[in-house]
Amino acid sequence: MNRRVRRKTLQAKGNVTEAVTKGPVNEVEAVVCLAKEEREVDWSSLPDDTVVALFSLLNYRDRASLASVCRTWRFLGSLSCLWTSLDIRAHNLDSTTASSLAKRCSKLRSIRFRGASAGNVVINLEAKELREMNADGCRDLTDASLSMLAARHQRLESLQLGPDFCEKITSDAIRVVALCCPRLKRLRLSGLRDVDGVAIGALVEHCRDLSELGFFDCMNVDETALGNAASLRFLSVAGSRNIKWTAASQLWVSLPNLVALDVSRTDVTPDAAFRLLFSESLKVLCALNCGSLDAGVFLAYNSKTKVLLARFTDIVKGIATLSQDSHSAPNLSGMKRINHYNNTSNNNSKISNVRNSRIGDNKSSEVKEWLEWVLSHALLRIAESSTPGLDSFWLKQGTPILLNLLGSLQEDVQERAATALATFVVIDDETATVDPARAEAVMHGGGIGFLLDLAKSRREGVQSEAAKAIANLSVNADVAKAVAMEGGISILAALARSPNRWVAEEAAGGLWNLSVGEEHKGAIAEAGGIRALVDLVFKWPSGGEGVLERAAGALANLAADDKCSMEVAMAGGVHALVMLARFNKHEGVQEQAARALANLAAHGDSNGNNAAVGQEVGALEALVHLTGSHHEGVRQEAAGALWNLSFDDRNREAIAEAGGVEALVTLAQNCGNASQGLQERAAGALWGLSVSEANSIAIGQGGGVSPLIALARSDVEDVHETAAGALWNLAFNAGNAWRIVEEGGVPALVHLCSSSGSKMARFMAALALAYMFDGRMDEAGMQCDSAPKTGSLEAARRMAMRHIEAFVQTFSDQQCLSVAATSWAPAALAQVAEAARIHEAGHLRCSGAEVGRFVVMLRNGSTVLKSCAAFALLQFTMPGGRHAMHHASLLHKAVAGRVLRAAAAAATAPLQAKVFARIVLRNLEHYPAEAM
């Protein structure tokens, strides 16, 4: 591989120096002089040890990529000295792949994997020199599999299974481990049902160097057998139950080498804990979240030689006590950051105190490492349990400790600390609610900077958990601003491109939460986040539901912004989201994909995304299909997308062809007890489709009138407003008008017209009633066998007219009307127009037939209908309205000016009709026919 690079060789430097000494050479000549020395460099000729050193700085994924450059580098990248540790948690390796890696893993010392199936594959690596095995997600790991792992790796010194419960592991497997792995020094197991004395005895007998033992969250542990483990220096039974504490404390206090003991989250008694503190060798007793312990019992223990870590003690001070005999105190984390959120609280001082403490000798360092591990484990478990009443603990002690643990030199401690931060701030997963005090405590403690530093780590496990913490914390708006200020958006956008699915998933989640803030959308786009999110959909089209849901959710938020929605479309987002809506079966993915498509289609007036979504193959069919989902959220977002898409004329007809009318009528019929959002969108989608007369007739004939009347009776303004809009469109057709009367729709519309808090709902209800009783329904009724009886129809007509009149009068000040009618002065007319204006009505768009109907209504013998028609035309033509020019053009084409002037001059016309008609004429002057 050859690459041209600029090299400043010694000879070149000499030439430049000589030239400068002589004087006449300027800077340009110097550069030319250097350029002459430019030559080709063969990177493959680098010394092997240099290449190996470069490889050692990379993670194994990048190392494998770089090894594909040439044969030499492939050989060097396969050297076993580079493969001493391996983390395969994010990969689904099969036996063939594992066997191909076996040659590289001859000197493998440490491995991390996830799941029982991965454990079976590890055997094929043939890593006989393996010293450390760390696995999680091992609920299905059996005795046979663990026994095989132990038998194939007899030089194991450390075995850790957890924190997930190992429910299928029994004491039999522990005995096999003891027999096969005599060099074992550390054993940590979680969630076993029973750890009997025989298993513990086997460990004591065969593993003579066993110094650390941890049985976490186990149902039964033989405390008597543990009393014989004389080699133990560290013991943890955190979360384990059914321990006889009187016997345990009497036996364990005699363990000659026991330095640290963890009894967190157990029912240890005060007497037992007090007795343990008098052990000659014990230095640390960790007893976090032990409900039976009380501060008063422990006033007499010697705090100078013993450290008790409990909710009622100063944990940070206790940790610092362990390093008082240290000869030096370097930074524990090896990290230095400037805290942009200066806070002089005790929390910050606590963090710095612990970070600046370090224990000098090896034994003390082991204590510190063990303590970091058990604290991270205990705090994560406490956070997961959502134990009430711990707010003060989290704010005063938990947060500083977790922030300190982020700087640990142990990778799994960093991961658990980040996971605990991601967990303890969340109050409710379903509603994505975050405790603001806890989130801000992390921020003010400098936690955002620490987490972002970890997110830039080359270790993917740490990246994933740091990104998860950033994502959850960013639900808080103030923390989100801090994340953006410290460059977090660019970091998350980069992580979203990670080939590791877990990293990409958490990064996408962070961008999802950050994209809620309008101020962050542009920054995400500038950082390349939109392209990265779209690429995720194509990278994991199936099998990665978590990353797909988060990516689609982030794109949905970004698509709500007009500029970002265009970038989503240009990045291929329309096709990606439609693909998810069509083929993905995960309800969370479907919901977010539909929501994203709804937001993309919401910008029909400013870009072409609405039409683009409708034209994408299978888009409309997929959304229509999703309205029948069993998941309410999916139905709601699909209906919302169809509502927005129906604003485009071509989409409206295409939705009907795809079965949208029938599907949405069915949805409306079945959403009586559904959420308000679903009800609103179901009615809204029918409203959008009913703009077309053919669709309106189909909705009426398909049974859509009755559910819309039911939704019009809702107390929720958004619901009954959209239902009123749909009924207004339906009432334009005489046959539908009859159905509305038959189904009892008149009282519902009258109630809206008079009582709704939404001006728009009242307006559209009044227009629907005006359509129903302007005479066209009577003409259709003569040919209809199921027409209502004359008496009931007349009563409905009188009731409707009375409430239409009352509605119009609420926007009419009689004194202002009289002044305007007397002078016709522009100022007086403007005052009446402003008082009568409903600003939201400017968003309504009427067809030529609808405008023409209002013009005809001006000639109606009913003074109420004349006033209503003039009032409606006033709303549709007010300057500044979105479709005012369109409506003015329709009126000009219908030569409505003559009718309006006649209405304004009619002696028998009501005052409102005359003045409103004159205002409409004035509005038309803003849009002269010649200009159109």
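**Entry 1. Overall make-up**

I take helices (H or I, at least four residues) and strands (E, at least two) as DSSP runs, numbered from the N terminus. On that basis I find 51 helices and 16 strands in the chain. The model is a predicted one, in which local features need pLDDT of at least 70 and side-chain atom pairs count only at pLDDT 80 or more, while totals for chains, interfaces and linings use all residues. Residues are numbered from 1 along each chain as its sequence is written, and side-chain values use heavy atoms, with hydrogens and water left out.

I call a residue buried under 20% relative accessible area, exposed over 50% and partly exposed in between (1.4 Å probe, protein chains only). Of the 932 residues of the chain, 55% count as buried. I then looked up contacts, meaning heavy atoms within 4.5 Å. Among contacts with a separation of 6 or more, 71% come from residues 24 or more positions apart.

**Entry 2. Nonpolar cores**

In soluble globular proteins, nonpolar side chains tend to be buried together. I define a nonpolar core as a set of buried Ala, Val, Leu, Ile, Met, Phe, Trp, Tyr and Cys residues joined through side-chain atoms within 4.5 Å. The largest such core holds 229 residues, and those that touch the most other members are Trp728, Phe763, Met772, Phe773, Phe854 and Phe916. I followed one of these, Met772: leaving aside residues up to four places away in sequence, Met772 touches Ala731, Ala737, Ile740, Val741, Val746, Leu749 and Met777. A second core, separate and made of 83 residues, includes Ala67, Cys166, Ala178 and Val221.

**Entry 3. The second largest pocket**

I searched for open space on a 1 Å grid over the protein atoms alone, where a 1.4 Å probe that fits but cannot get out marks a cavity, and a pocket is an open set with protein on both sides within 12 Å along at least five of seven lines; lining residues have an atom within 4 Å of a point. Grid points are joined across faces, edges and corners, and the volume is the space filled by probe spheres set on the points. The second largest pocket contains about 1500 Å³ of space. Its lining has 48 residues, of which Trp643, Phe647, His843, Arg845 and His883 are the closest to the centre. Among the elements giving two or more residues to this lining are helix H30 (587-600), helix H33 (632-645), helix H34 (649-657) and helix H47 (848-857).

I sorted the lining by residue type, with Ala, Val, Leu, Ile, Met, Phe, Trp, Tyr, Cys and Pro as nonpolar, Asp, Glu, Lys and Arg as charged, and the others, Gly among them, as polar. The lining divides into 14 nonpolar, 19 polar and 15 charged residues.

Helix H34 also holds Glu657. I find Glu657 exposed, at a relative accessible area of 71%. Glu657 and Asn695 stand 38 residues apart in sequence and 10.0 Å apart in space, C-alpha to C-alpha.

**Entry 4. Backbone exceptions**

Most residues other than glycine have a negative phi, and most peptide bonds are trans. I noted a cis peptide bond from Gly162 to Pro163, with omega near 10°. Pro163 sits in the loop between strand E6 (158-161) and helix H9 (171-180).

Glu126 has a positive phi, near 55°, and belongs to the loop between helix H7 (116-122) and strand E5 (132-136). Ser386 also has a positive phi, of about 50°, in the loop between helix H16 (362-385) and helix H17 (391-405). Glu126 is exposed at 54% relative accessible area, and Ser386 is exposed at 53%.

**Entry 5. Salt bridges**

Side chains of opposite charge can pair when their charged atoms come close. I count a salt bridge where a side-chain nitrogen of Lys or Arg lies within 4 Å of a carboxyl oxygen of Asp or Glu. The count comes to 29.

Arg186 and Glu212 form one at 3.1 Å, N to O. This pair links distant parts of the chain, with Arg186 in strand E7 (residues 186-190) and Glu212 in strand E9 (residues 212-216), 26 residues apart. Arg186 is partly exposed at 27%, whereas Glu212 is buried at 6%.

Asp87 and Arg89 meet at 2.7 Å, N to O. Asp87 is buried at 19% relative accessibility, and Arg89 is buried at 8%.

Glu384 pairs with Arg381, their closest N and O atoms being 3.1 Å apart. Both lie in helix H16, three residues apart, about one turn of the helix. I also traced one network, in which salt bridges that share partners join Asp87, Arg89, Arg112, Arg114, Asp136, Glu411 and Glu415.
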